[in-house]
Structure formats: structure tokens, C-alpha cells
Amino acid sequence: MDNIERMTQAWAQQNEKLEQSIAVSSEALKQVALLKAEKTMGNFLMVNTFTVIVGILMSSFMLHFIVSNMSNINMLLAGAAILIWSCLITMGGIRHLFMQLTLDYSKPVIDVQRQLNKIGLSVLYYLRASLLILPFYFAYIVVGFELFFGVDIVQHGDTNWLISQLVCSVLFAVLAIYLFKQLSPNNVDKPLTKVLLRGCGNQAWRAAQELNELQRYAL
Amino acid sequence: MSSHNEPLTFEAMIATHKGILYKIARSYSYCDEERRDLIQEITLQLWRSFAQYDPKFKLSTWVYRVALNTAISFLRRDSLRKAHIELTDMSLLTEPVDSANTELMLEVERLLKVLNKYDRALFIMHLDGLDYAQIADVLDISASNVSTKISRIKQRLNTLFIGDDNG
């Protein structure tokens, strides 16, 4: 007899025996039904909730800053750069929270596992989003000087210093684009990405690996 | 088991599909403690999702989805596993009595564990007699993909059988 045939027959015989011999413990079932523990993925829920709260506070503050400095184009641009970035982080947090809260285990396996791995990669999303602010670091300097010293650093700054900031921004933009591309879950097998992802925690690295595996599997 | 006129109770659903729970838990766990824990976790997940069950879908397909999703996630969450062991001291399902084909079944389970977690899910359903369309529905891949994967898995398992026979 073919090996697979033997395997199938053994499995079918097991099925019959299971039907006869397994009994469900009603007492234990009641205990499980009483448990409303939502322990699973609690950490991600905490991280995403915290991010959304911080993001909303920061966005509100930046909006207030922009409205208060409408007449000054330097403040307006610097504030807008930070506002866009904080909105991006907040929206990412809300999206991840929504994914977590609407996770339905009765949906198809590939869908649910993909969603679970994306939630596992939320740290990576925040890291990638953080890179986007790198070329706009000067916006923080401008806003910081205005907030703490009431000084418009662009107006008071030396021209050479301002040019050097511009050069730095361009260099940071190149670096940010490179790292942003490298930090994609699709590059999980590349050495640099592996190091960067492991820096986000093994969970993120494993989630990236599994997401790739799932993509290949569903093809 | 509930009649057509009565609403399906959670207990009746578990009683009807206890075999699926047990087989999936066995195939995705590596010791008795893990198996008991996984059965509890699948039951808990079924209970959480039960209120949203839409009767227009086949109940067994729904149970496979929840059970497989829980089992695959269970494999991933090493650290969280321990927390769930404390849920209840009691076993939800009694162990089946020893059968004549235990040795062969152990071999079947060993071979299933050689497969990756998605192939394992697919082949369990194939062994359970689900057709390609049903398997495709549980996993969300095409029926032709299921067919290709099953023939690849069979080839692989046959090689493993041959390897074992030679070894």
C-alpha cells in the first residue's frame, strides 16, 4: 500500500476512535467560557495606544503652534513639517489599533496571520516613520528656538550656517531614503536589514520573516 | 447536538467538533502540557468568536479557521504560552484510549511536524477529507494552489517515508 494511503487510513481510523473516546468536560468548558482574559497581544495594544495618545497631543500642540505663528512663514513651514510627521505617526497608531481590535480569528488563515504579523511589525512602522523626520531635523531647531527663547533662528542665523544646515538636510534625506528602503520587511534576508530589524526586537524580525513566508505561500 | 429549530449552543458546537480541536492541538504542540494548553486556547478563542458566527457559513469551516489561526499564532508566541497554562487546571478533552495504530499515528504526527505550519494546516484538512475548495476557503488561497501544494507535500512525505525505510 502507498505510504500516503496508509497515512490517510490511519488518520481516518483515528477520527472514528476520537469520536468515541474523547469526552468534553463541561466543568472545564464553563471555566473557559467565564474567562474574559484579553492577555494576547497586550503589549502591542499598550504600545499603539501610547503612540496614539502622544501623537494626538503632539499634533494638537503643533496645530496650536502653527495657528499662533501664522504670520511667520519660517515657523509655519517648520511647524507644518512636524505636524505632518506627527499626524503620520498618529494615523499609523490608529491603523494598528484598529487592526488589533477588529482581528477576527474566524477569517481565512492567511488573512489573519498576515494581519497578526503586520501588528507585530508596528515597531518597524514607527521606526520607518521616524526616519522620515530626519531630513527635517532643522524644523525642530526652528520650533525649539521659538518656543524656548522666542527667537526666529532663520532670521538671526548666519548665512553659512544656514547653508550648512541645508547640506546636512540633503545628506540626511539620502540616508533616510536608504534606511527607509532597507527597513522594508521584504529585505528581511539582507544583512543590514537583519541587524536593523533585530534592533527593533526579535519579534519584529520574526514577524517580517513570516510576512515574507506568507506572501510566498499565497502565490 | 442542537436540532435545526434550536440555536446552536457553544457546548454543542465544541462537542460536535472536538475531534478537529484535538487533532489540530496534537499537530501543533510538542508535549502533553502544550497540547492541553493549546486546546484551552483554541476553546477560548472559539468562545470569543462564537457570538459573531454567521450560520450561512459551514460550521466546520469556521471551526477550522479559528482553530488553525490560534494554533499557528500559538507556535509564534513562546513567551505568552506560559500565561495561559494557568487558565484552568482541568482538561477540556479527555485523552483517547490507545489504539492499534498508535505507532503509525505517532509517525503521521512526526511527519506532519516536518512540514511548515501552513502546509501542515493544509494537509491536516486534506487528511480530514475536505475538498480543495473547502481548504482554499479556510486558507484564502486558490483551489489550484491547494492542489499543487498537496501534490508537493505528498512527494515530500513520500521521500521522508522512503528515507525512514532506508534508515
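User: In this predicted model, does Gln182(A) count as buried or exposed at 12% relative accessibility?

Analyst: The model is predicted, and the relative accessibility of Gln182(A) is 12%. Gln182(A) is placed in helix H9 of chain A. Buried means under 20% relative accessible area. Because 12% falls under that cut-off, Gln182(A) counts as buried.

User: Which residues does Gln182(A) touch, not counting residues up to four places away in sequence, and how many Å separate the C-alpha atoms of Gln182(A) and Leu192(A)?

Analyst: With residues up to four places away left out, Gln182(A) touches Asn187(A), Lys190(A), Leu192(A) and Thr193(A). Leu192(A) is 10 residues from Gln182(A) along the chain. The C-alpha atoms of these two residues are separated by 7.4 Å.

User: Does Phe180(A) count as buried, partly exposed or exposed?

Analyst: Phe180(A) lies in helix H9 (residues 159–182) of chain A. Its relative accessibility is 27%. Buried requires under 20% and exposed over 50%, so at 27% Phe180(A) counts as partly exposed.

User: Which residues does Phe180(A) touch beyond four places in sequence, and how far apart in space are Phe180(A) and Leu132(A), C-alpha to C-alpha?

Analyst: Not counting residues up to four places away, Phe180(A) touches Arg128(A), Leu131(A) and Leu132(A). Phe180(A) and Leu132(A) are 48 residues apart in sequence. From C-alpha to C-alpha, their separation in space is 7.9 Å.

User: How many helices and strands does chain A have, and what share of its residues is buried?

Analyst: The secondary structure of chain A comes to 11 helices and zero strands. Among chain A contacts with a separation of 6 or more, 68% join residues 24 or more positions apart. Chain A has 219 residues, and the buried share is 43%.

User: Which residues of H5(A) are buried?

Analyst: Helix H5 of chain A covers residues 109–120 and has 12 residues. From first C-alpha to last it reaches 16 Å, close to the 16 Å expected at 1.5 Å a residue. Its buried residues are Val109(A), Ile110(A), Val112(A), Gln113(A), Leu116(A), Asn117(A), Ile119(A) and Gly120(A).

User: Why is H2(B) largely enclosed by the rest of the structure, and where is Ser49(B) found?

Analyst: H2(B) has 19 residues, which should span 27 Å at 1.5 Å a residue; the end C-alpha atoms are 26 Å apart, in agreement. Because 15 of the 19 residues are buried, H2(B) is largely enclosed by the rest of the structure. Ser49(B) counts as buried, at 5% relative accessibility, and touches Tyr105(A), Trp62(B) and Val66(B) when neighbours within four places are set aside. Ser49(B) is found in helix H2 (residues 32–50) of chain B.

User: How many residues are in the largest nonpolar core, and where does this core lie relative to domain 1 and domain 2 of chain B?

Analyst: The largest nonpolar core has 63 residues, and those with the most contacts inside it are Ile24(B), Tyr28(B) and Leu46(B). Helix H3 (residues 59–76) of chain B gives the most to it, with 11 residues. Domain 1 (1–96) and domain 2 (99–167) of chain B both contribute residues, so the core lies between them.

User: How many residues make up the other core, the one that includes Met75(A)?

Analyst: This core lies apart from the largest one. Its members include Met75(A), Ile82(A), Phe138(A) and Val143(A). Its count of residues is 13.

User: Which residues form an aromatic cluster in chain B, and over which rings do Arg95(A) and Lys113(B) sit?

Analyst: The whole structure holds nine aromatic pairs over all chains, and Phe10(B), Phe50(B), Tyr53(B) and Trp62(B) form one aromatic cluster. Arg95(A) lies 5.8 Å from the ring centre, over the face of Tyr125(A). The charged end of Lys113(B) is 5.2 Å from the centre of the ring it sits over, that of Tyr30(B).

How values were computed. Residues numbered from 1 in each chain as written. Chains lettered and ligands numbered in written order. Predicted model: local features only at pLDDT ≥ 70, side-chain atom pairs only at ≥ 80, totals over all residues. Heavy atoms only, no water. Core = buried A, V, L, I, M, F, W, Y, C linked by side-chain atoms within 4.5 Å. Buried < 20%, exposed > 50% of the residue type's maximum accessible area, 1.4 Å probe, protein only. Helix = DSSP H or I, 4+ residues; strand = E, 2+ residues; numbered from the N terminus. Domains from an automatic or database assignment. Phe/Tyr/Trp six-rings, centres within 6.5 Å; stacked < 30°, edge-to-face > 60°. Lys NZ or Arg CZ within 6 Å of the ring centre and 35° of its normal. Expected span 1.5 Å × (residues − 1). Contact = heavy atoms within 4.5 Å.
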